[in-house]
Amino acid sequence: MKEKQFDINGDGLSIRARIMSEGNLRTFDRVILCTHGFGSSKDVANITRFAEKELAKHGSDAVLAFDWPGHGRDSRKKLEISVCMNYLDQVISYIKDTLQAKYIYNYSVSFGGYLTLRYLVDKGNPFTRIVLRAPGLRMHDLMLKNVEEADRGRLEKGREVEVGFERKMKIDRSIFDELAAVDVRKYEYFDWADDMLVIHGTKDEMVPFEDSRQFCDNNVIELFAVEGADHSFRNPQYMDMAIHRVIEFFSPENVKE
């Protein structure tokens, strides 16, 4: 597997990205876009592992990932939902225009899952198929959990606070207003349900498994429950189960392209 780190530039944005593929191809019929969760990055091990297994089976594909604002190697210090949407829009345009992909697949985790669903609400669906692992369906509440109790008063006073894990990023009250304005659970996804799959561990300690169950029931979307898996799928066996199911779901023989 070959990997390239590069920037996607346009619309005043500079997005840190990585692309993984076999051989020396510059364009691809099929590109799988992977988006990471809150506090993670495009370089997280589970994206690399997915790419290795996907390309071993479908060597003419490419796997592309990028850093959300304020994450990984991104140059921004502040996290804003509107900028996240701009990032996703710009990356999709790059895949279509530069990589000349006929089919774009989306594999998104947690915070990335919320942003993918929000993109569908705002702009429609550019993806051939979508897999969401432990999507952050109630992202407003989940984001609030990342704020220390002492910092919540500062937010209410209009100040910025820092959140995150290895890398800290700034947020202010506006991000909660943006998240509250679009609760993805209130929208219908019936038109795309046949081409969507949700994967969730039954022992997820961060995003309730029942959220995904209810979401899938309400929208007639397939739910693949991984018994015993936590939010991060830290057990390699569970992670491999999830990756296998994603690859199967994205396989050309199972897709009406």
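I looked up Phe 233 and found it in the loop between β10 and α8 (236-250). Helices here are DSSP runs of H or I with at least four residues, strands are runs of E with at least two, and both are numbered from the N terminus. This is a predicted model, in which local features need pLDDT of at least 70 and side-chain atom pairs count only at pLDDT 80 or more, while totals for chains, interfaces and linings use all residues. Residues are numbered from 1 along each chain as its sequence is written, and side-chain values use heavy atoms, with hydrogens and water left out.

**Entry: positive phi**

Phe 233 is not a glycine, yet I read a positive phi of about 50° for it. Is Phe 233 buried or exposed? Its relative accessibility is 2%, so I noted it as buried. The scale is relative accessible area: buried is under 20%, exposed is over 50%, and partly exposed lies in between (1.4 Å probe, protein chains only).

Val 220 is also a residue other than glycine with a positive phi, near 55°. I found Val 220 in the loop between α7 (209-219) and β10 (222-226). Val 220 is exposed, at 59% relative accessible area.

**Entry: the sheet**

I traced an open sheet of 8 strands with mixed pairing, in the order β1-β2-β4-β3-β5-β6-β9-β10. Two strands pair if DSSP finds at least two bridges between them. Which strands stand at the edges? They are β1 and β10; each has a single partner strand, so one side of each has no neighbour in the sheet. From one strand to the next the twist averages 20°.

Inside the sheet I checked β3 (residues 30-35) and β4 (residues 62-66), which run parallel and are joined by 4 bridges. Cys 34 stands opposite Ala 65 in β4.

Helix α1 (residues 45-57) lies across β2, β3, β4, β5 (103-109) and β6 (129-133), and runs at about 45° to β2. Axes are lines fitted to C-alpha atoms, for helices over the stretch in contact, and angles run from 0 to 180 degrees between N-to-C directions.

**Entry: the cores**

The largest nonpolar core has 60 residues, and Leu 64 and Phe 111 have the most contacts inside it. Helix α2 (residues 81-97) gives the largest share of this core, 10 residues. Such a core is a set of buried Ala, Val, Leu, Ile, Met, Phe, Trp, Tyr and Cys residues joined through side-chain atoms within 4.5 Å. Apart from this core lies another, of 25 residues, including Ile 47 and Phe 250.

Leaving aside neighbours within four places in sequence, I listed the contacts of Leu 64 (heavy atoms within 4.5 Å). Among them are Phe 6, Val 31, Cys 34, Val 91 and Leu 99.

**Entry: α2 and α3**

How do the axes of α2 and helix α3 (residues 111-123) cross, and at what angle? They come within 10 Å and cross at roughly 75°. That makes α2 roughly perpendicular to α3, a label for 65 to 115 degrees; under 35 is roughly parallel, over 145 roughly antiparallel and the rest oblique. Ile 81 and Leu 88 of α2 take part in the contact, as do Phe 111 and Tyr 119 of α3.

**Entry: Gln 90**

Gln 90 lies in helix α2 and is buried, at 16% relative accessible area. Beyond neighbours within four places in sequence, its contacts include Ile 8, Asp 11 and Ile 15.
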